[in-house]
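Please take the points in order, with the model open alongside.

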Amino acid sequence: MFIINCKNYDEIAGDKIIKIAKTAEKVSRKYKVPIAIAPPHHLIPLITKFKITVLAQHVDDKKVGSTTGFIVPEIVKKSKINGAIINHSEHRIPEKEIIALVKRLQRLRLKTVLCVKNVNEARKLIEEADELGGMTKAVQAGVPKLRIEESAAIRQARIDKGEETIVGVNKYISKKQDSVEIRSIDNQQVRDQQIKKIMDVKSKRDEKQCETALEKLESAAKNDTSNLLEIAIEAAKARATVGEISLALERVYGRHQAVAQSISGVYRSEYEGDKNFMKIEEHISSFTKNFGRRPRILVAKLGQDGHDRGAKVIATAFADMGFDVDIGPLFQTPEEAAKQAIENDVHIIGVSTQAAGHKTLVPMLIEALKHEQADNVIVVCGGIIPEKDVPDLESQGVGAVFGPGTNITEAALKVIKLIS
Ligand code: B12
């Protein structure tokens, strides 16, 4: 059932709610899908005549849940409403009261839609952070990030299996794909321009004043009592660059080193018992038999591209399928990635690229591998790569390109073929 929650009391006017109900009735009839509307209470009488389910909101006996008004089950029954939605504002009601409320609604033969699951799940996450000593500590331990990645991997598995539909991506793909004009950026030109701008700033500023401001920032960072933002702004006014301001702080605090953690098992768990998934595992076992070890991939992020979600999802999924997976750190240079690949003796490097650095950085990676006589390591790329860049990348030696919407199980099969 689709529920249209028309909650906004100020904006939803009578004529609007009637329009919504009329459309919902039409759509429900045409596509044979049950649709429910949960309007603000005062607008309920306007839509009970339509053949749709009308749900009441803020159903709660003791006025504990709602700050904007509440309605008791017997009133719901009297007003020709078919059911009630127990939604987020009622979550402050203790669980046993929610259960009692649901039972009463059932006795009155009213449909009940419960939206409490999310809150219970959210509570678990809050408790997890509390147990780690609060959110700051949890962030330091990388736990919230892991949870986001876990959820992204599960979602990706559902998309790949076709359980979750993304129109135009994994279902209802249009045969005619209109070409979209994509702006191409000359990376070298941008870089040169930026460097020139910084040089200009540096040549025109009062060097002594700038230096003093940066020294003040550094010593303020050491004594830990001053407002660093205020002093950083002073330095910026003296035309210190963001790099110089960060460096002054880095001299005191050091540089943050992100540790790439990965989760395992979640992608696979969505495929439990799936025949196609088992086939991939068979391919991987025969690779292992033939080559004496499992296929090994380095999932790499290059340059100033901080989007690591795709890389993590790929790493998790590939590991769950049976690959040995190494994850490169963020902001790696092509040379560093090549070095890591050689040291770890990987069969393949999978560059995940979302910030349009692929045309510059991937050829550099291939060059770095050649330079180290390691051009047997295959390079593939995935991420936000426009179709028109694919031939160019392939001609430079890229084995395959996996753009947005890639089905990871299919990509894994292609990768196995490439390295077999
Ligand atoms: C989430 C997101 C963010 C998050 C990133 C969080 C994180 N930790 O990753 C945040 C908010 C931080 C962010 C910031 C920015 N973002 Co952003 N972001 C996105 C968004 C919405 C989704 C990316 C994502 O995670 N997708 C989910 C993953 C699973 O999908 P995926 O990466 O595409 O991977 C799939 C395939 O591509 C493929 N794949 C990918 N890698 C690999 C590797 C291998 C080996 C294989 C086989 C397959 C494969 O398989 C995956 C499964 O299908 C995209 C838009 C979009 N819809 O793609 C923009 C997008 C990538 N962002 C963009 C931009 C511009 C930015 C910013 C520069 C914005 C700004 N001005 O500050 C910053 C840059 C930050 C930085 N330092 O890099 C642009 C990039 C444009 C471009 N390339 O020309 C995009 C495309 C949005 C847009 N349309 O403009 N972003």
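Predicted model: local features only at pLDDT ≥ 70, side-chain atom pairs only at ≥ 80, totals over all residues.

1. Helix 1 has an exposed side, on which Asp15, Lys19, Arg29 and Lys30 are found. Helices (H or I, at least four residues) and strands (E, at least two) are DSSP runs, numbered from the N terminus.

2. Residues are numbered from 1 along each chain as its sequence is written.

3. The buried residues of helix 1 are Ile17, Ile20, Ala21 and Ala24. They lie on the same side of helix 1, because they cover an arc of only 100° around its axis; the arc is that of the directions from the helix axis to the C-beta atoms. These buried residues pack against strand 1 (2-5), strand 2 and helix 2 (44-47), where contact requires C-beta atoms, placed from the backbone, to lie within 7 Å. The 18 residues of helix 1 reach 26 Å from first C-alpha to last, close to the 26 Å expected at 1.5 Å a residue; the expected span is 1.5 Å times one less than the number of residues.

4. Lys32 deserves a check of its backbone. Lys32 is exposed, with 7 other C-beta atoms within 10 Å.

5. The chain is divided into domain 1 (2-118), domain 2 (187-253) and domain 3 (266-419), with bounds that come from an automatic or database domain assignment. Between the C-alpha centres of domain 2 and domain 3 the separation is 38 Å.

6. Leu55, in strand 3 (residues 53-56), counts as buried with 27 C-beta neighbours inside 10 Å. Beyond four places in sequence, its contacts include Ile3, Ala36, Ile37, Ala38 and Val113. Leu55 and Leu110 are 55 residues apart in sequence, yet their C-alpha atoms are 9.2 Å apart. Val76, in helix 3 (residues 73-78), is buried with 24 C-beta neighbours inside 10 Å. Not counting residues up to four places away in sequence, Val76 touches Ala56, Val59, Ile71, Ile81, Ala84 and Leu110. By contrast, 62 Å separates the C-alpha atoms of Val76 and Glu250, which are 174 residues apart along the chain.

7. Which residues come nearest to the ligand? Of the 28 residues around it, they are Gly306, Arg309, Gly310, Gly350 and Gly382; a residue is near a molecule if its C-beta atom, placed from the backbone, lies within 6 Å of it. Two or more residues of this shell come from each of helix 7 (143-161), helix 14 (309-321), strand 8 (348-353), strand 9 (378-383) and helix 18 (408-419). The shell holds 12 nonpolar, 13 polar and 3 charged residues. In this count Ala, Val, Leu, Ile, Met, Phe, Trp, Tyr, Cys and Pro are nonpolar, Asp, Glu, Lys and Arg are charged, and the others, Gly among them, are polar.

8. Helix 14 gives the most to the ligand shell, with 4 residues. It is mostly covered, 12 of its 13 residues being buried; among them are Gly310, Lys312, Phe318 and Asp320. Just after helix 14, Gly322 has a positive phi of about 120°.

9. In helix 18, the buried residues are Ile408, Ala412, Val415 and Ile416. They fall within an arc of 100° seen down the axis, so they line one face of helix 18. Their cover includes helix 7, helix 13 (275-291), helix 14, strand 8 and strand 9.

Terms used: Buried ≥ 20, exposed ≤ 12 C-beta atoms within 10 Å, placed from the backbone. Contact = placed C-beta atoms within 7 Å.
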